[in-house]
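The entries follow in the order in which I looked them up.

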Amino acid sequence: MSETISADIVVVGSGVVGSLTARKLALAGRKVLMLEAGPRIQRDQIVNNFRHSARKDDFIAPYPNSEIAPFPDYKPEDNGYLDQTGPKAYKPEYLRVVGGTSWHWAAQAWRLLPNDFRLKSLYGVGRDWPISYEDLEPYYYEAELLWGVSGPDAMAKYSPRRHPYPMPGVTMSYLEQRVTARLAPRYEVLTNTTGRNSVPYDGRPQCCGNNNCMPVCPIDAQYHGGIAATAAEIAGVELIPQAVVYKLEHNGHGKITALHYYDWNKQSHRVTADVFVMAANAIEIPRILMLSADDKNPRGLCNNYDQLGRNLMDHPSNSATFYVDEPLWPGRGPMSPSSIQQLRDGAFRSESAAFRIDISNSSRVAGVTAGAIKEGLTGADLDNAIVYRASHELSIKNVLEQLPDPDNRTMLSTRKKDALGLPVPAFSYSYDGYIERGMQHSLKVYAEIASLLGATDVRYSPPGVYSNNQHITGTLAMGLDEKTSVTDPTGKAWEFDNLYMVSTGVMPTVATANSTLTACALGLRTADAILGKL
């Protein structure tokens, strides 16, 4: 074993949440070490990988996977990193690289709604948060300034704010303009709140409409964790990549004393610190804590009441695709430019899932061309079909709220190990009637939107088939009672005075907004707790 490394604070995970938390701690004068299981990557190489990839619809393909720090990959076949125990498969897509999964995201930056924090009190379902929207509001703004968030003023009617967005919303594409006009006044379509520059900001250019925000913005107009990791290093954080954390040590008296990690040569290293911050995702953090099991903690650390890894939530989705009665020419501007927010809250949440409706602006050319060729079209018929379908086809999807369910969980596999001999993550997962009733509500909205757009050839996702949105939450839920949660309201582990979690996992409910902005706000708030400012 190598000699012991020491720091004031060690942060495990270099994604956007961990990097911004580490940066804030370093700027306060702390000696901060950040560990990342995966390698460093560069934007130009990922852009080049994407341009030369035969699988443009596979957002994982441009990113380097590894034997030592693998991440899930399902195309062209499942790489087997995750263990599915049923009854439904849960197939998240995340990266283990410096900067984390937000390299290949859409940078959606909605805040939660005030009522999302009181789901149990207001609607009798789910659970309440131990903090309020008002507690988190200043940290939302702190995160928005760091990301460079653009958005329309009208979004404040849903999530009240004390300060305007750092930037106005990105200029509306032609598709967005037409859909917005035609759905009004029945549905209000708003330009999305995103970590995407509408004007030059923080040394990065404004969006120029490349339309491959996923898997990577080629000009860095879109914020991502790679930018956050660089900012952390500039602030003084020492970052060690290719460091796979596999165990925490404790003294038996409520203090973590060290952690251990393998480098990619399978050499083990020991790190001591005053404070330990777990900032990986909501799957990999429970895995590390479970791998740290000992005689006193046979189910893993922070798991005295069997809450660790439970209440796994995401945003199940399905979609409707159709031809609009006028050409919209999708493919110019952001891939997901706008959405319908008004179904994110209401008394119906006592019975069925709230949801958001997203409007797609992704280029249709490749998909409709493949479909037309498969139909056997050739010559002028093929040309005409491509032009019509690529200009008229539109997809919309829902983003459904999922309630916390202790039977939905991530665990350690008992039958599969990785190249380091460590058990891989395993899942038990399913959907309940709350989701299904929300889906039926969504189908009615899909049909009305299609009608308002003069749609033909309306195609729905197969009944009961959902994709998730990689918004992994709930497995480290914060709360007021250690018997029903993993961390306290500041993100500190109940069991250990110097162990904190900053991750989407600490969110007690998933609501209807993409989870990373909320996790960043929570992480910045946790940094204040560590610094003694709360």
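I first consulted the UniProt record, an unreviewed entry, which gives "domain: Glucose-methanol-choline oxidoreductase N-terminal" for residues 234–316. UniProt positions are stated in the numbering used here, feature names are shortened, and annotations may be inferred rather than shown by experiment. I found the end C-alpha atoms of residues 234–316 to lie 38 Å apart, with 11% helix and 34% strand in the span. Helices (H or I, at least four residues) and strands (E, at least two) are DSSP runs, numbered from the N terminus. For residues 409–523 I noted 23 Å between the end C-alpha atoms, 24% helix and 21% strand.

**Basis of the values.** I worked from a predicted model, in which local features need pLDDT of at least 70 and side-chain atom pairs count only at pLDDT 80 or more, while totals for chains, interfaces and linings use all residues. Residues are numbered from 1 along each chain as its sequence is written, and side-chain values use heavy atoms, with hydrogens and water left out.

**Six-stranded sheet.** I traced an open sheet in the order β4-β10-β11-β12-β9-β15, with antiparallel pairing; two strands pair if DSSP finds at least two bridges between them. Its edge strands are β4 (189–191) and β15 (456–460), each pairing on one side only. From one strand to the next the twist averages 25 degrees. Axes are lines fitted to C-alpha atoms, for helices over the stretch in contact, and angles run from 0 to 180 degrees between N-to-C directions. I then followed β11 (residues 355–359) and β12 (residues 393–400), an antiparallel pair with five bridges. Within it, Ile359 stands opposite Ile396 of β12. Helix α5 (residues 174–183) packs on this sheet and touches β4, β10 (338–340), β11 and β12, its direction making about 150 degrees with that of β4. Contact means heavy atoms within 4.5 Å.

**Three-stranded sheet.** I found a further open sheet with the order β3-β14-β13 and mixed pairing. β3 (83–87) and β13 (409–417) are its edge strands. Neighbouring strands are turned by 30 degrees against each other on average, direction ignored. β3 and β14 (residues 423–429) run parallel, joined by three bridges, and Pro87 stands opposite Tyr429 in β14. Helix α7 (residues 284–291) packs on the sheet against β13 and β14, at about 65 degrees to the direction of β13.

**Cavities.** I counted four cavities of 30 Å³ or more. On a 1 Å grid over the protein atoms alone, a cavity is a set of points where a 1.4 Å probe fits but cannot get out, and a pocket is an open set with protein on both sides within 12 Å along at least five of seven lines; lining residues have an atom within 4 Å of a point. Grid points are joined across faces, edges and corners, and a volume is the space filled by probe spheres set on the points. The largest cavity holds about 100 Å³, and its lining includes Cys302, Tyr305, Glu482 and Trp494.

**Second largest pocket.** I recorded a volume of about 400 Å³. Helix α6 gives the most to its lining, with seven residues.
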